[in-house]
Amino acid sequence: MADPPGCCHPCATCLLCLYSCQWITAKKEKRKGLRTTKCDCSWFLFLFCVFLFTLVWLYFAIIILNDFHNFNEYIFKQRKLWLDWSLVLLIATAMLITYSAVLLVLALCLQLCGQPLKLHWLHKTLLILTALVVAAAFTGLGIKWAEEWRSARISLQATGPFLHIGIVGGMTLLAWPLASFIYRTRNTGLKVFLLLVYCAVMIALYLAPLGITSPCIMEENQLPRKPALVGHRGAPMLAPENTLMSLHKAVDCDVQVFETDVMVSADGVPFLMHDEELTRTTNVQAVFPERAALNSTAFNWTDLQQLDAGSWFLERRPFPTVQSLSAGDRYQVTKQRIPSLEQALEAAKQSNISIMFDLRPENHSDYQSFVNATLEVILQSGIPLQQVLWLPDGFREQVKQQAPGLQQIYGRKRLQNEKEPLLHVNLPYQDMSSEEIRQYRQDNISVNLYVVNQPWLFSVLWCSGVSSVTTNACQVLKEMKHPIWLLPSSTYLMIWIVVDCVSLLAILWAFLLLK
């Protein structure tokens with residue numbers, strides 16, 4: 001069989017060498033009578049499936065980057081080892097997708113050149129390992145981080161229209177090697193089967209936009225106002241979390257609320273700290289090595305004031321942005337100490353921003369005394385009570401009686417026939433759909449969702465009409481003047497029709513040209 005136009009013997013030989021790991025020239029291959037067997041076709045199908053499987057994992061890996069800091073904190077809590085595991089994830093995923101993509105391209109080029117698809121056993125082994133690694137990654141995600149499946153569903157609202165265009169384009173390109181294979185094979189049954197499957201897939205893709213929904217498919221004048229920003233532990237990408245420097249950096253990012261976590265020392269002083277242990281965000285192992293594993297509430301205020309709450313930020317670099325800090329900021333980081341709630345309230349009052357906090361640990365035997373100590377500090381601080389957003393559920397009724405001016409924030413959805421309607425809710429972004437957000441907005445219920453770091457996610461929630469978002473990346477979201485994309489429905493319909501028509505013409509051209 002003659003080689004198709006444009007396929008020279010040296011090129012075919014090179015492709016055979018890379019795919020089969022054997023230096024067989026195209027002429028020698030013809031003399032030996034090598035052909036693509038059913039087993040070879042099965043391995044090509046497996047290669048195609050592995051490529052798609054790995055591509056889907058790449059999509060998931062990009063989506064879960066929004067929440068990966070939580071994973072880093074979890075690993076540190078378990079192993080006392082800090083590493084930006086997102087880099088490991090992306091590098092490993094890039095290697096797997098590159099390998100399977102290169103093999104797939106080689107196979108398609110060999111098919112167009114009329115060469116046999118003799119995949120080497122080493123490639124077969126590596127493909128099986130690739131499939132097992134990706135399967136293990138998905139399994140681990142489902143067991144340990146199941147909420148990310150909901151994140152993926154939300155992401156489709158941001159990427160659905162573009163994924164549709166990309167998949168249609170990819171399937172259109174696949175028409176060329178498919179047409180080449182169909183015209184070469186003598187198996188009529190296989191020809192009919194492949195054509196039916198391909199046509200069914202393309203018809204489904206052409207009609208897919210009927211099922212694609214996104215809050216960002218709307219007219220410009222329907223776009224809700226930009227959500228307010230809530231600084232998650234301040235501005236943790238620019239300064240050590242839960243420090244006064246982090247609060248001031250958050251103010252520079254135009255956040256309206258400083259979100260933090262409060263604990264109470266052994267001698268009754270409320271202070272800012274997220275973790276139950278001090279090891280991640282202080283130098284407690286150097287100052288009090290024998291007490292480092294104790295709960296943060298076991299230390300008195302005098303001991304806590306001796307700890308450095310900033311240098312870890314420069315040493316561990318929890319975010320890539322640490323590398324870009326100025327010399328002045330680096331010096332200021334080393335001077336950070338654990339702030340008391342009183343100091344944080346004073347800074348919030350002077351900066352005219354609100355403060356929202358959790359009171360930890362909720363299961364402590366002295367939790368009621370923690371509530372009382374915290375309320376006392378708030379009432380004595382002189383901050384307007386409407387600037388304090390109270391999150392803890394424990395002893396909430398008592399708090400309402402002692403400080404009725406506090407804004408009560410609930411970490412749950414509203415209930416049917418609720419006696420006292422909710423005015424403010426604070427939930428993970430995975431827990432509310434776009435429809436629920438719109439309904440709460442119509443009912444004048446303020447919705448804050450956390451933790452939102454990626455512009456794509458912020459754009460979806462903006463289009464949905466969320467009131468505010470808690471973020472680590474206030475410096476990024478501050479600069480967004482508009483959602484990443486916004487399409488009127490008429491424009492989207494026109495793009496849909498054009499893409500489908502161009503794809504159909506390209507497929508017909510491929511089958512007619514290679515006939």
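**Exercise 1. Count the salt bridges in the protein, then describe the network formed by those that share partners.**

Solution. The count comes to 17 salt bridges in this predicted model. The criterion is a side-chain nitrogen of Lys or Arg within 4 Å of a carboxyl oxygen of Asp or Glu.

Step 1. Take K413 and E436, whose closest N and O atoms are 3.0 Å apart. K413 is partly exposed, with a relative accessible area of 30%, and E436 is partly exposed at 26%.

Step 2. Follow shared partners. Salt bridges link E73, R233, E241, D275 and R280 into one network.

Step 3. Look at two pairs among these residues. E241 and R233 form a salt bridge with the closest N and O atoms 3.2 Å apart. In the pair of R280 and E73, the corresponding separation is 3.6 Å.

Step 4. Assign burial with the cut-off of under 20% relative accessible area. E241 has 8%, so E241 is buried. R233 has 5%, so R233 is buried as well.

**Exercise 2. Describe how domain 1 and domain 3 meet.**

Solution. Step 1. Domain 1 covers 10-20 + 35-145, domain 2 covers 149-214 + 487-514, and domain 3 covers 228-478. The centres of domain 1 and domain 3, taken over C-alpha atoms, are separated by 40 Å.

Step 1. Count the residues that touch. Nine residues of domain 1 contact 18 residues of domain 3.

Step 2. Give the area. An interface is often sized by the accessible area lost when the parts come together. Between domain 1 and domain 3 the buried area is about 1,200 Å², and carbon and sulfur atoms contribute 50% of this area.

Step 3. Count the polar terms. Three salt bridges and seven residue pairs in polar contact lie between domain 1 and domain 3. On the domain 1 side, helix α4 (residues 68-79) gives the most, with three residues. The residues of that side divide into four nonpolar, two polar and three charged.

**Exercise 3. Describe the surroundings of S434.**

Solution. Step 1. S434 lies in helix α18 (residues 434-442).

Step 1. S434 has a relative accessible area of 5%, so S434 is buried.

Step 2. Leaving out residues up to four places away in sequence, S434 touches Q157, P215 and S464. The side chains of S434 and Q157 are joined by a polar contact of 3.1 Å.

**Exercise 4. Summarise the overall fold in numbers.**

Solution. Step 1. The protein has 21 helices and nine strands.

Step 1. Along its principal axes, the C-alpha trace spans about 90 × 55 × 40 Å.

Step 2. Of the 515 residues, 49% count as buried.

Step 3. Among contacts with a separation of 6 or more, 68% come from residues 24 or more positions apart.

Methods: Residues numbered from 1 in each chain as written. Predicted model: local features only at pLDDT ≥ 70, side-chain atom pairs only at ≥ 80, totals over all residues. Heavy atoms only, no water. Domains from an automatic or database assignment. Contact = heavy atoms within 4.5 Å. Buried area = accessible area lost by both parts, 1.4 Å probe. Polar contact = N/O pair within 3.5 Å; in protein donor to acceptor, adjacent residues only side chain to side chain. Helix = DSSP H or I, 4+ residues; strand = E, 2+ residues; numbered from the N terminus. Nonpolar A, V, L, I, M, F, W, Y, C, P; charged D, E, K, R; others polar. Buried < 20%, exposed > 50% of the residue type's maximum accessible area, 1.4 Å probe, protein only.
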